[in-house]
Structures are given as structure tokens and as C-alpha cells.
Amino acid sequence: MKTIKKVLIANRGEIAVRIMRTVSGMGIKTVAVFSDADKESMFVKGADEAVCIGGNAATESYLNQEKIIAAAKQTGSDAIHPGYGFLSENASFAKRCEEEGIIFIGPTSSVIKKLGSKIAAKKVAEKAGVHTVPGYSGKDQSIGRLKYEAEEIGFPILIKASAGGGGKGMRIVNSVKELEAAMESAKR
């Protein structure tokens, strides 16, 4: 395995500072990337090196894979730590790091891809013998079938849209009477 001598932290703020403290404590050099808006921030000043990746919006900076990979190459970083949010769950970014010979500190691109879908992630867990919360994710999504499945599972239940994030599309349902309205709300 490749020895890590320098880590680029592809994040900002408190999470970047925490990663820097841990990495520095291991005797590994740190590189911060920063947007124009963050140039005076503590995480920029605390890094061994810092590279401006421009822009004020996250899409112009912390989410710009090209700029982050270029900064890693420019600084001779062996690895990239994405922190959380931003690119931490981005399978294409993890794959790009793999292709560039840069260690992605986190799951492999294939694992991120598998676990990006809540339904697929649950299937992976079940296959591994991990106990999961009872649920239904079958193709028949008619209200009649869903009422039947909900009564089999028992109330309260949680309805979760298969796509979305951050809790959007989640609804608690305490009785069969609430199910139809909760389904419509979750779909919106």
C-alpha cells in the first residue's frame, strides 16, 4: 500500500480543521483548498499548504472535481480526504481519484455507488446478515398494496421516497387512515 505523506482536504470550516488536526498528529502534511470567500478562514491558515480554487459558490469550488484533482497534483498530495457532504458520497469523484492514482480516504467508488440507493443499501445489508428494519419496497406501489404491507409491518411506519436526500420525502404514519395523504406528501 502507498504511504501517505500529504493529504488534501477537499472541504472547509470546522470539518477541515478537525481533519487537519488528526492528519497532522499522524505526522502527515496537510493541504487546504479554498474558495475566494474562505481565503481568510482558520482552516486555510492552519494547513501546511493552501491552494485557492476560486469562486464563491460551492459549485465553483468545493464541488468542482477538476479543480480539486488539479490542486492535489499541483501539491503532490498522495490522498484526498473529502470530509462530509460535498464530494464525500460522490462515486464519480472517488473513481476519478482511483484513476489518477490518488488515494480517496473513504469508501471505494463501487461501494458509494451501491450504497447511494437506500433500497440497494438495504439489500446489501440483508445479504451480509445485518438486521434491518422491516419494510416494503416492492414494485406494486398501489395504495391497496401499501395499506396491506403497512398493516403487516405494524404502525407507526415511516414512508421514505427512494430518491431525494436530507430527509425530504420522509413521513411518519401512525395509522392506516393517514397513509394515503402521507404517500401523496412524500411523492411531492
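This dialogue walks through a few features of a predicted model.

Student: What should I know about the model before reading its features?

Tutor: It is a predicted model, in which local features need pLDDT of at least 70 and side-chain atom pairs count only at pLDDT 80 or more, while totals for chains, interfaces and linings use all residues. Residues are numbered from 1 along each chain as its sequence is written, and side-chain values use heavy atoms, with hydrogens and water left out.

Student: How many helices and strands does the chain have?

Tutor: Helices (H or I, at least four residues) and strands (E, at least two) are DSSP runs, numbered from the N terminus. The chain has eight helices and seven strands.

Student: At what angle do the axes of helix 3 and helix 4 cross?

Tutor: Axes are lines fitted to C-alpha atoms, for helices over the stretch in contact, and angles run from 0 to 180 degrees between N-to-C directions. The axes of helix 3 (residues 65–75) and helix 4 (residues 91–100) cross at roughly 30 degrees and come within 11 Å. That makes helix 3 roughly parallel to helix 4, given that angles under 35 degrees count as roughly parallel, over 145 as roughly antiparallel, 65 to 115 as roughly perpendicular and the rest as oblique.

Student: Which residues in helix 3 and helix 4 meet?

Tutor: Contact means heavy atoms within 4.5 Å. On the helix 3 side are Gln65, Glu66, Ile68, Ile69 and Lys73, and they meet Ser92, Phe93, Arg96, Cys97 and Glu100 in helix 4.

Student: Is serine 88 buried or exposed?

Tutor: Buried means under 20% relative accessible area, exposed over 50%, and partly exposed in between (1.4 Å probe, protein chains only). With a relative accessible area of 12%, serine 88 is buried; it lies in the loop between strand 4 (79–81) and helix 4. Leaving aside residues up to four places away in sequence, serine 88 touches Pro82, Gly83, Phe104 and Ile112.

Student: What about the backbone of phenylalanine 86?

Tutor: Most residues other than glycine have a negative phi, and most peptide bonds are trans. Phenylalanine 86, although not a glycine, has a positive phi of about 35 degrees, and its place is in the loop between strand 4 and helix 4. At 26% relative accessibility, phenylalanine 86 counts as partly exposed.

Student: Where is there a cis peptide bond?

Tutor: A cis peptide bond, with omega about 0 degrees, joins phenylalanine 155 and proline 156. Proline 156 is found in the loop between helix 7 (143–153) and strand 6 (157–160).
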